[in-house]
Amino acid sequence: METDLSGKTAVITGSTAGVGYKIAEFLALAGANVVINGRKTLAVEGAVERLALAAPQVSVSGVVSDVGTAKGVDELLAKQPRTDILINNVGIYESEDFFDISDEKWMHYFEVIVMSGIRLSRAYLPGMISRYWGRVIFISSEWALNIPTHMIPYGLTKSAVLSLTQGLANRVQATGVTVNAILLGPVQSVQGMAGGQKELCLTMEETVALYENEHHLSTLAFPHAATTEEVANTVLYLSSPLAQGNSGTLIHLDGSEHVTLPRGSAPPH
Ligand SMILES: NC(=O)c1ccc[n+]([C@@H]2O[C@H](COP(=O)([O-])OP(=O)(O)OC[C@H]3O[C@@H](n4cnc5c(N)ncnc54)[C@H](OP(=O)(O)O)[C@@H]3O)[C@@H](O)[C@H]2O)c1
């Protein structure tokens, strides 16, 4: 199956690195004109330059703005007032005990993870509806359903994103626009594996092995930390014309983290 997104425009929040950059790359290679976003000018310029080289047939532009604020979203909208595909990828996470988290920190999580998606969807969806085609995809997390004790604001806001996905999918039903979410488990990205890499001074391969074999995924029957390519491929599918029937869908991409099979269970053949 080849996905042709020629003529479409995609905005990907938080896309100078990690999952967001890989999504931008996959969409660009499928023919979409892409808009990269991040807060740091140099990072945005660097990502635009890299991607323009990798996908010379499409337009690659960048907008420097903090989409975790209303002002930053307005700046993005002023520079890019329309899109056919909106990937609400931006996310923040930090390990912190519930009793130490201030009101300000709670509101920050809400602004970055939930309000960015609300503000951008509110602005872009009417145009998509008027053109009878559009895609909105939220990058959520398995921790939206299995709230980690050390990251409750992350779990709570990623959970709110799932409600938003389903509410918006209902709201735009039968308009040619679809709204979906992907629930990621740990990803083999710098950020996803930051704990192992920074704290234990391990290589990416060692960190992934630690994650898969000893740490977070040790109870899984089929441990697997997804690659950024796997994530981007799932986004590409949901962005494609062939995914017209998928809306309000919550896709798990977590190496079966959400499935409660006992450790070591063999799959039925
Ligand atoms: N990685 C994982 O293991 C994992 C697991 C489950 C879910 N997820 C979800 O997947 C998504 C991507 O994760 P990731 O690990 O790729 O993230 P990441 O590496 O932390 O993403 C960094 C990107 O986000 C940008 N960014 C951060 N805050 C921003 C803001 N307020 N406004 C605009 N850009 C901002 C950064 O650029 P600047 O620094 O220049 O702003 C950079 O481009 C997130 O929603 C995350 O919650 C990730």
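Colleague: Which atom of valine 19 lies 2.8 Å from an oxygen atom of the ligand, backbone or side-chain?

Modeller: Bear in mind that this is a predicted model; in it, a backbone N or O atom of valine 19 lies 2.8 Å from a ligand oxygen. The protein covers 92% of the 890 Å² of accessible area that the ligand has on its own.

Colleague: And which side chains place a polar atom by an oxygen atom of the ligand?

Modeller: Lysine 40 has a polar side-chain atom 2.6 Å from a ligand oxygen, and tyrosine 93 has one at 2.5 Å from an oxygen of the ligand. Both residues are also listed, with Thr16, Arg39 and Asn89, as coming nearest among the 30 residues around the ligand.

Colleague: What's the shell made of, by class?

Modeller: There are 10 nonpolar, 16 polar and 4 charged residues. Strand E5 (134-141) is among the elements that supply at least two of the shell residues, and E5 gives the most, with 3.

Colleague: Switching to packing, which residues touch the most other members of the largest nonpolar core?

Modeller: Those are Ile23, Leu27, Val34, Ile36 and Ile87, in a core of 36 residues. The largest share of this core, 7 residues, comes from helix H1.

Colleague: What is isoleucine 87 in contact with, leaving aside neighbours within four places in sequence?

Modeller: The contacts of isoleucine 87 include Val11, Ile23, Leu27, Ile137, Ile139 and Val235, as well as Thr13 and Ser239. There is also a second, separate core of 33 residues, which includes Val73, Leu77, Tyr109 and Val172.

Conventions: Residues are numbered from 1 along each chain as its sequence is written. This is a predicted model: local features need pLDDT of at least 70, side-chain atom pairs count only at pLDDT 80 or more; totals for chains, interfaces and linings use all residues. Side-chain values use heavy atoms; hydrogens and water are left out. A residue is near a molecule or strand if one of its heavy atoms lies within 4 Å of it. A polar contact is a pair of N or O atoms within 3.5 Å; within protein, one must be able to donate a hydrogen and the other to accept it, and residues adjacent in sequence count only if both atoms are side-chain atoms. Accessible areas come from the Shrake-Rupley method with a 1.4 Å probe; for residues, only the protein chains shown count as cover. Helices (H or I, at least four residues) and strands (E, at least two) are DSSP runs, numbered from the N terminus. Ala, Val, Leu, Ile, Met, Phe, Trp, Tyr, Cys and Pro count as nonpolar, Asp, Glu, Lys and Arg as charged, and the others, Gly among them, as polar. A nonpolar core is a set of buried Ala, Val, Leu, Ile, Met, Phe, Trp, Tyr and Cys residues joined through side-chain atoms within 4.5 Å. Buried means under 20% relative accessible area, exposed over 50%, partly exposed in between (1.4 Å probe, protein chains only). Contact means heavy atoms within 4.5 Å.
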